[in-house]
Amino acid sequence: PGVSLCPGAVKVTPGHSPQDLALARAHALPLLSVIGDDGTLCPPGGGWLQGVPRFEARARVVAALAQLGLFRGVQDHAMTLPLCRYSQVCPGCHLPPPR
């Protein structure tokens with residue numbers, strides 16, 4: 001993604017892709033999973049979202065940002081993370097595959 005897609009913010013998910021893993025290791029970041037095997041958010045994802053299904057959590061975050069006057073919009077973009085067509089796991093990911 002170019003600067004026009006992400007002006008001013010960077011999301012790093014250390015166990016999610018080889019690039020993020022390399023960045024995490026370079027900066028000694030822990031490997032955390034914010035989404036549990038059941039598709040709901042875990043404690044590292046924020047206490048107020050614990051147990052909330054991931055797509056509902058996204059809507060709640062957008063609503064919270066809007067309420068604070070910080071929401072700037074949504075822009076669709078193509079998924080660029082490769083998934084194995086058999087296992088649905090990202091090659092090079094370092095977290096356990098979904099169950």
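I looked up the exposure of Leu 68 and found that it counts as exposed because its relative accessibility is 63%; exposed means over 50% relative accessible area, buried under 20%, and partly exposed in between (1.4 Å probe, protein chains only). The model is predicted, so I note that local features need pLDDT of at least 70 and side-chain atom pairs count only at pLDDT 80 or more, while totals for chains, interfaces and linings use all residues. Residues are numbered from 1 along each chain as its sequence is written, and side-chain values use heavy atoms, with hydrogens and water left out.

I placed Leu 68 in the segment after helix H2 (54-67); helices are DSSP runs (H or I, at least four residues), strands likewise (E, at least two), numbered from the N terminus. Just after H2, I found Gly 69 with a positive phi of about 75°.

I then turned to Gln 50, in the loop between helix H1 (18-26) and H2. Gln 50 counts as partly exposed because its relative accessibility is 48%. Its neighbours within four places in sequence aside, Gln 50 is in contact (heavy atoms within 4.5 Å) with Leu 41, Cys 42 and Pro 43. I also noted 7.1 Å between the C-alpha atoms of Gln 50 and Thr 40, ten residues apart along the chain.

For the whole chain, I recorded two helices and zero strands, with 17% of the 99 residues counted as buried.
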